[in-house]
Amino acid sequence: KQRQVLNHLYRGWGIDSTEATKKYGVKNLRSTISSIRTLVEKYGNWEIITDSKGRYFMQDTHPGDRTYSFRKDGTRFMANA
């Protein structure tokens, strides 16, 4: 479920708790986002942000200058090797 939500966010789409439950069966989106946040913010290249409606998004903090990137399946790879 985390991988599905991460892939959703990586594509640039926002997600809220209702959508996460319907699409992916996530019962506690806040907990899932907390786990994802730890993974994607580890190297400072991505951050999880929230809009005023409570939707979560993943934002690239260093466009074009990141060390790691994510594939569409959620796996991480070294971008600037």
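**Exercise 1.** In this predicted model, does Arg55 count as buried, partly exposed or exposed?

*Solution.* Start with the number: Arg55 has a relative accessibility of 22%. Now recall the cut-offs: buried is under 20%, exposed is over 50%, and partly exposed is in between. So Arg55 counts as partly exposed.

**Exercise 2.** Work out which parts of the chain Arg55 ties together through its salt bridges with Glu19 and Asp16.

*Solution.* Take Glu19 to begin with: its salt bridge with Arg55 has the closest N and O atoms 3.2 Å apart. Glu19 sits in helix α2 and Arg55 in the loop between β1 and β2, so this pair links parts 36 residues apart in sequence.

Asp16 is in the loop between α1 and α2, so here the parts tied together are 39 residues apart in sequence. Asp16 also counts as partly exposed, at 23% relative accessibility.

Finally, zoom out: Asp16, Glu19, Lys23 and Arg55 are linked in a network of salt bridges.

**Exercise 3.** Find the element that gives the largest share of the largest nonpolar core.

*Solution.* This core has 16 residues, and Leu29 is one of those touching the most other members. Then list the elements giving two or more residues: α1, α2, α3, β1 and β2. The largest share, four residues, comes from α3.

To see Leu29 at work, skip its neighbours within four places in sequence: its contacts include Val5, Ile15, Ala20 and Tyr56.

Terms used. Residues are numbered from 1 along each chain as its sequence is written. This is a predicted model: local features need pLDDT of at least 70, side-chain atom pairs count only at pLDDT 80 or more; totals for chains, interfaces and linings use all residues. Side-chain values use heavy atoms; hydrogens and water are left out. A nonpolar core is a set of buried Ala, Val, Leu, Ile, Met, Phe, Trp, Tyr and Cys residues joined through side-chain atoms within 4.5 Å. Buried means under 20% relative accessible area, exposed over 50%, partly exposed in between (1.4 Å probe, protein chains only). Contact means heavy atoms within 4.5 Å. A salt bridge is a side-chain nitrogen of Lys or Arg within 4 Å of a carboxyl oxygen of Asp or Glu.
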